[in-house]
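Visitor: Please take me through one part of this model in close detail. I would like the nonpolar core, and then its surroundings.

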Amino acid sequence: FKDHAGVTFLQYINKLRMEDAARMLSEYPHYTIESVARACGITNVRTFYRLFFETFKMTPNDFRSVK
């Protein structure tokens with residue numbers, strides 16, 4: 001997978017999850033961060049914050065306030 005996509009399978013899946021999370025944060029401002037994380041398949045909120053920050057260089061709360 002890495003030879004073709006340039007990233008590992010887990011990195012690819014997490015990228016898709018974070019893109020979905022960003023969409024949900026923008027479209028559904030009444031959803032909690034925890035519910036967005038769970039909807040994206042991440043049960044640990046700390047992991048969700050870490051992955052989100054690695055992807056977008058801001059926290060989910062900051063992302064929501066900018067959008």
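**The core and its setting**

Guide: Start with the surface. The accessible surface of the protein chain is about 4,700 Å², and carbon and sulfur atoms hold 55% of it. Such areas come from the Shrake-Rupley method with a 1.4 Å probe; for residues, only the protein chains shown count as cover. This is a predicted model: local features need pLDDT of at least 70, side-chain atom pairs count only at pLDDT 80 or more, and totals for chains, interfaces and linings use all residues. Residues are numbered from 1 along each chain as its sequence is written, and side-chain values use heavy atoms, with hydrogens and water left out.

Next, the fold. The protein chain has 5 helices and 0 strands. Its pattern along the sequence is α-α-α-α-α. Helices (H or I, at least four residues) and strands (E, at least two) are DSSP runs, numbered from the N terminus. The C-alpha trace spans about 40 × 25 × 20 Å along its principal axes.

Now the interior. Of the 67 residues in the protein chain, 24% are buried. Buried means under 20% relative accessible area, exposed over 50%, and partly exposed in between (1.4 Å probe, protein chains only). A nonpolar core is a set of buried Ala, Val, Leu, Ile, Met, Phe, Trp, Tyr and Cys residues joined through side-chain atoms within 4.5 Å.

The largest nonpolar core has 14 residues; Met 18, Ala 21, Leu 25, Val 36, Phe 48 and Phe 52 touch the most other members. At least two residues of this core come from each of helix H2 (9-27), helix H3 (33-39) and helix H4 (45-56). H2 gives the most, with 5 residues.

Look at Ala 21. Leaving aside residues up to four places away in sequence, Ala 21 touches Val 36, Cys 40, Phe 48 and Phe 52. Contact means heavy atoms within 4.5 Å. Among contacts in the protein chain between residues at least 6 apart in sequence, 47% join residues at least 24 apart.

Move to Tyr 49, in helix H4. Tyr 49 has a relative accessible area of 27%, so it is partly exposed. Beyond residues up to four places away in sequence, Tyr 49 touches Ile 33, Thr 59, Pro 60 and Asn 61. The C-alpha atoms of Tyr 49 and Ile 33 are separated by 9.0 Å, with the two residues 16 apart along the chain.

Finally, Gln 11, in helix H2. Gln 11 counts as partly exposed because its relative accessibility is 45%. Its C-alpha atom is separated by 21 Å from that of Ile 33, 22 residues apart along the chain.
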